[in-house]
Amino acid sequence: MHSRLKNIHRSIAELHNIFKANLIIMDGCRTMRSANELRHGGKVLRLGYMFSGQDPVAIDCAGLALLKNTVPELEGIQYRDIEHINYAIRLGIGIHDYRRTVPK
């Protein structure tokens, strides 16, 4: 791994301590499956969803839940398995239970 990418997960989480967004929008209309680019064997997956909210951890966890329902290879993956989500939770940036963040 390149040394400059060594702490990419920490950097992703720490950005939210530097810049707190009032609204986070996750585009889940289309994503890549199997690879990050078509030229590397990636296949376009049409999901047709967009998420928005104020909790970046909850948004990431909602996106993971959607992907787990559509990509069988992700079935066993939990939010705990994703380093930037764990680090963000430890920093107090958000909560993993996206269902608790929905306004009543």
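1. Cys-61. This residue is buried, with a relative accessible area of 6%. The model is a predicted one, and in it Cys-61 takes part in no disulfide. The nearest cysteine sulfur belongs to Cys-29 and is 20 Å away. Cys-61 is also a member of the largest nonpolar core.

2. Cys-29. The sulfur of Cys-29 has its closest cysteine sulfur in Cys-61, and at 20 Å the two are too far apart for a bond. A disulfide would need the sulfur atoms within 2.5 Å. Cys-29 counts as partly exposed, at 31% relative accessibility. The structure as a whole holds zero disulfides.

3. Overall layout. The protein chain has three helices and two strands. Read from the N terminus, the order of these elements is α-β-β-α-α. Along the principal axes, the C-alpha atoms fill a box of roughly 40 × 35 × 25 Å. The chain has 104 residues, and buried residues make up 28% of them.

4. Contacts and surface. Take the contacts between residues at least 6 apart in sequence: 50% of them join residues at least 24 apart. The protein chain exposes about 7900 Å², and carbon and sulfur atoms supply 53% of that area.

5. The largest core. Which residues make up the largest nonpolar core? There are nine: Ala-13, Val-57, Cys-61, Leu-64, Tyr-79, Ile-85, Tyr-87, Ala-88 and Ile-93. Helix H2 (56-70) and helix H3 (83-90) each supply at least two residues of this core. Apart from it lies another core, of eight residues, including Ile-24, Leu-45, Phe-51 and Val-71. In soluble globular proteins, nonpolar side chains tend to be buried together.

6. Ile-93. Leaving out residues up to four places away in sequence, Ile-93 touches Ala-13, His-16, Asn-17, Asp-55, Pro-56, Val-57 and Ala-88.

7. The surface patch. Leu-15, Ile-18 and Phe-19 form a nonpolar patch on the surface. Together these residues have about 390 Å² of accessible area. Ile-18 is placed in helix H1 (residues 8-18), and Leu-15 is in helix H1 as well. Is Ile-18 buried or exposed? At 70% relative accessibility, Ile-18 counts as exposed. Leu-15 is exposed too, with a relative accessible area of 53%.

8. Leu-15 and Ala-88. These two residues are 73 residues apart in sequence. In space, the C-alpha atom of Leu-15 is 9.6 Å from that of Ala-88.

9. Salt bridges in total. How many salt bridges does a search of the whole structure find? The search finds three. Side chains of opposite charge can pair when their charged atoms come close. The next points take the pairs in turn.

10. Glu-14 and Arg-10. The closest N and O atoms of this salt bridge are 3.5 Å apart. Both residues lie in helix H1, four residues apart, which is about one turn of the helix. Glu-14 is partly exposed, with a relative accessible area of 29%. Arg-10 also counts as partly exposed, at 40% relative accessibility.

11. Glu-73 and Arg-33. Here the closest N and O atoms of the salt bridge are 2.8 Å apart. Glu-73 lies in the loop between H2 and H3, and Arg-33 in strand S1 (residues 24-33), so this pair ties together parts that are 40 residues apart in sequence. Glu-73 is exposed, with a relative accessible area of 52%, whereas Arg-33 is partly exposed at 25%.

12. Arg-99 and Asp-97. The side chains of these residues meet in a salt bridge, at 3.2 Å from N to O. Is Asp-97 buried or exposed? Asp-97 counts as buried because its relative accessibility is 18% and the cut-off for buried is under 20%.

Terms used
Residues are numbered from 1 along each chain as its sequence is written. This is a predicted model: local features need pLDDT of at least 70, side-chain atom pairs count only at pLDDT 80 or more; totals for chains, interfaces and linings use all residues. Side-chain values use heavy atoms; hydrogens and water are left out. A nonpolar core is a set of buried Ala, Val, Leu, Ile, Met, Phe, Trp, Tyr and Cys residues joined through side-chain atoms within 4.5 Å. Buried means under 20% relative accessible area, exposed over 50%, partly exposed in between (1.4 Å probe, protein chains only). Contact means heavy atoms within 4.5 Å. Patches are made of residues with over 30% relative accessible area and no salt bridge: like charges are joined within 9 Å, nonpolar side chains (Val, Leu, Ile, Met, Phe, Trp, Tyr) within 5 Å. Accessible areas come from the Shrake-Rupley method with a 1.4 Å probe; for residues, only the protein chains shown count as cover. A salt bridge is a side-chain nitrogen of Lys or Arg within 4 Å of a carboxyl oxygen of Asp or Glu.
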